[in-house]
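Take a moment with the sequence and the model. Then let us walk through the fold, piece by piece.

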Amino acid sequence: MTNHLLANLIQTLTSERSHKPIRFDEFLDQIKTQGERIFRNIFQLFHDMIHFYISEVIDEYPGDTESIGFLKYNLDELFINDTEKPFFADRLFSNRLVNLAKSFRLSSAPNKIYVFKGPAGSGKSTFLNNLLDKFEKYVRHDDGLMYEVVWRIPYEEGWEVGPRRLDDIDGKSFLDAFGKEAKDGQHLHPEGVNFFEVPCPNHDNPFLLVPRQYRAELLRELVVDDGLRKRLFKHKQYQWVLKNEPCTVCNSIFDALTERFSIREIFAMIYARRYLFNRKQGIGISVFNSGDEVEKSHVRTNEKIQSFLNEFFQDSNKVKYVHSSYANTNVGVRALMDLKARNIQRFLDLHGIISDEVHKVQDIEERIRSLFIVLMNPDDFENVAKQSGQDSNELDTSMKDRLHEILVPYVLDYNTEIKIYTNTFGEQIKLRFMPHVLENFAKTIISSRIKGRSQAIEDWIEDDRAYTKVCDPDFYLLKMDLYTGVIPEWLTKEDRASLKAEVRKAVLAESEKDGHDGFSGRESLHIFNEFYTRYAKKRPITMRHLYEFFMDEHRHLSSKIPRDFLKHLTDLYDYEVLKEVKDSMYSFNDEEIRRTILNYLVAITHNVGDTFKNPYLNYEEFQVTSDFLDIVETHLMGYSASNYQRSKFRDETIAEYASVTLAREIKVEGKKIEETRQFLEMYAQFTKTARENVLDPYVGNSNFRCAIKEYETPDFDKYDTKIRERVKYLFETLAAKYHYTTDCAKVVVLYVIDNDLHRKFK
Ligand SMILES: [Zn+2]
């Protein structure tokens with residue numbers, strides 16, 4: 001058993017760890033199938049890494065022609081699962097990050113510093129730590145495949161073949177000259193030959209060692225897949241493959257070797273090994289804190305390698321193995337955790353590197369292509385200006401086109417805010433709240449983070465008076481829904497129709513102003529804790545508790561919350577629960593309504609008291625009663641219709657039935673009665689009224705109210721069947737459709753009845 005486990009462990013560790021360097025011809029072989037991976041620059045790698053960790057993408061409105069691709073990306077794998085401390089990316093931030101990655105996908109190396117800017121307590125450093133941690137894991141994964149050059153220079157007697165030159169290749173294709181022969185050229189590196197390993201300090205892609213003039217031809221021969229070949233030659237992001245030079249160190253090693261070896265032999269010394277990031281060692285990923293010592297010398301050397309090279313080439317000037325610390329993160333990520341103290345100088349240095357592209361390390365030139373990330377607080381720029389002796393406006397202008405800002409504000413999406421609470425206090429907290437109330441707690445917290453009125457919404461909404469009962473006058477509640485990707489169903493038809501792509505873009509663009517003050521992430525957890533400790537025993541926690549808590553003067557919370565926000569939030573809550581209760585009371589089925597309308601259409605051609613056989617219902621017998629006519633007409637015309645209006649309506653209906661429905665639609669056009677315009681209109685109107693007024697017969701009914709209270713108690717049996725069935729149906733639907741427990745359902749139905757909510761929204 002133990003042996004078996006150990007064997008498994010070794011197996012796993014081996015497949016994870018064995019990244020043995022491969023020969024150059026094997027590397028070329030890999031390009032055939034994996035060229036697209038192998039030729040990624042750091043920006044495409046970043047793009048692929050982000051997509052690798054997206055576990056799910058949800059579009060709540062598929063087919064919406066005005067969609068702006070503001071989707072729900074599940075980034076839990078990147079920021080939450082398997083991390084030391086989770087980071088909660090809300091929908092706005094997730095979209096910002098995914099869009100940034102997408103912009104990387106198709107571009108050549110953008111010459112910019114990526115500044116993630118957000119207030120203290122927005123979780124920036126957790127964000128970066130988790131991102132880089134997952135990046136490190138990704139490049140260890142097959143999907144994160146990257147190669148770098150490592151030279152294996154044999155130093156045994158008998159290996160030297162004498163000087164040959166680069167023009168060995170002339171007149172032949174590169175593969176003829178090198179590739180094919182290299183296969184049997186394996187003998188050049190027979191087992192047991194001792195070699196010295198010299199890694200490229202810049203983590204160059206091995207392909208860069210192919211002389212530039214041969215690369216295009218080589219790729220054409222190697223890559224048989226037409227699509228891939230086209231992309232390699234046409235797409236901007238692959239330009240470097242044909243264009244870039246290897247680093248100065250590799251270049252000089254190559255040159256020095258050509259004096260003594262054939263090209264074939266030189267390529268036999270070039271190996272490709274996995275380029276793995278290691279943040280702790282500063283390889284591929286380097287992160288600096290403001291307190292980190294500024295290194296004394298920017299020049300890095302390696303005594304052992306240098307002395308080997310000196311001895312091997314018998315000349316200490318041929319190859320200078322020097323590089324800067326930037327080389328360690330070439331084709332990698334270099335990040336500053338903040339923009340304070342010593343990091344200010346590092347930031348200015350980065351800016352220099354980016355602007356000049358090439359910098360000097362002693363005598364040699366170094367070219368750096370890294371992803372530079374900087375975290376900063378909104379006011380950090382002032383300090384940078386001070387330290388660099390510039391006016392902050394001046395600095396801003398000089399740096400502007402080199403900086404790309406990505407905002408990391410406080411959470412503005414209430415679903416994410418709830419996720420933070422459940423992550424800290426456990427999923428079970430949800431059980432203590434009435435449906436919607438936890439959500440409303442999160443909305444109250446978020447309301448403190450939103451800034452003032454929204455021009456985009458004001459320009460869009462036709463008439464704000466339509467929303468006085470469901471939204472605050474500044475439309476914070478509407479914004480919050482839109483930030484979450486929800487288009488509220490309480491919007492009027494007109495406003496829903498004019499919610500075009502431009503409007504959505506404008507609203508989301510405005511979101512950049514929000515989330516920079518108000519309750520911080522830490523504060524909100526603290527407030528939630530206090531609230532929960534106080535009310536968890538209430539069972540269930542209702543809107544009243546929320547109101548009581550936030551409005552309590554001793555807590556000083558209300559000053560951060562917009563005026564009357566809780567009142568408007570309660571209005572919206574009332575609207576929502578009324579809708580749910582009504583919807584759960586509504587028990588008409590479609591067939592019942594169909595039969596009613598069909599009987600009505602025939603009944604009005606008869607007198608009250610008559611019995612007829614309905615041709616549309618298999619000649620079933622039906623007796624016309626004034627009660628029946630009354631019920632149907634109330635549904636179709638409303639309660640307030642007078643007798644005169646009713647009889648006029650009846651006459652018009654008969655006339656339309658005879659001349660249009662029957663004479664034209666059924667007889668001429670061959671429609672079924674259910675397909676006629678008259679039937680469909682009546683059907684829709686009846687259903688609408690039935691839903692709207694479903695509560696009316698019950699609100700004043702004290703029997704019904706008591707039955708609600710006594711549901712699932714022995715006393716419930718004393719009510720008559722009709723009420724019992726009604727109440728049972730109500731509770732069951734509330735549970736199935738809206739997740740109300742019996743206790744919560746009792747509370748909500750009584751709340752709706754006792755507060756006359758059906759009248760409030762008439
Ligand atoms: Zn190199």
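Predicted model: local features only at pLDDT ≥ 70, side-chain atom pairs only at ≥ 80, totals over all residues.

Residues are numbered from 1 along each chain as its sequence is written.

Start with the domains, whose bounds come from an automatic or database domain assignment. The protein chain is split into domain 1 (20-402), domain 2 (414-563), domain 3 (590-692) and domain 4 (696-760). Between the C-alpha centres of domain 3 and domain 4 lie 32 Å.

Next, the sheet. Strands (E, at least two residues) and helices (H or I, at least four) are DSSP runs, numbered from the N terminus. Two strands pair if DSSP finds at least two bridges between them. Here 4 strands form an open sheet, ordered β1-β7-β5-β6, with antiparallel pairing. β1 (22-23) and β6 (195-199) stand at the edges with a single partner strand each, so one side of each has no neighbour in the sheet. β1 is joined to β7 (residues 270-274) by 2 bridges. In that pair, Ile-22 stands opposite Ala-272.

Now the cores. A nonpolar core is a set of buried Ala, Val, Leu, Ile, Met, Phe, Trp, Tyr and Cys residues joined through C-beta atoms within 7 Å. Buried means that 20 or more other C-beta atoms, placed from the backbone, lie within 10 Å of the residue's own. The largest nonpolar core has 157 residues, and Ile-270, Val-374 and Val-748 have the most contacts inside it. Helix α25 (residues 565-585) gives the most to this core, with 8 residues. Apart from this core lies another, of 11 residues, including Leu-598 and Phe-679.

Conventions. Buried ≥ 20, exposed ≤ 12 C-beta atoms within 10 Å, placed from the backbone.
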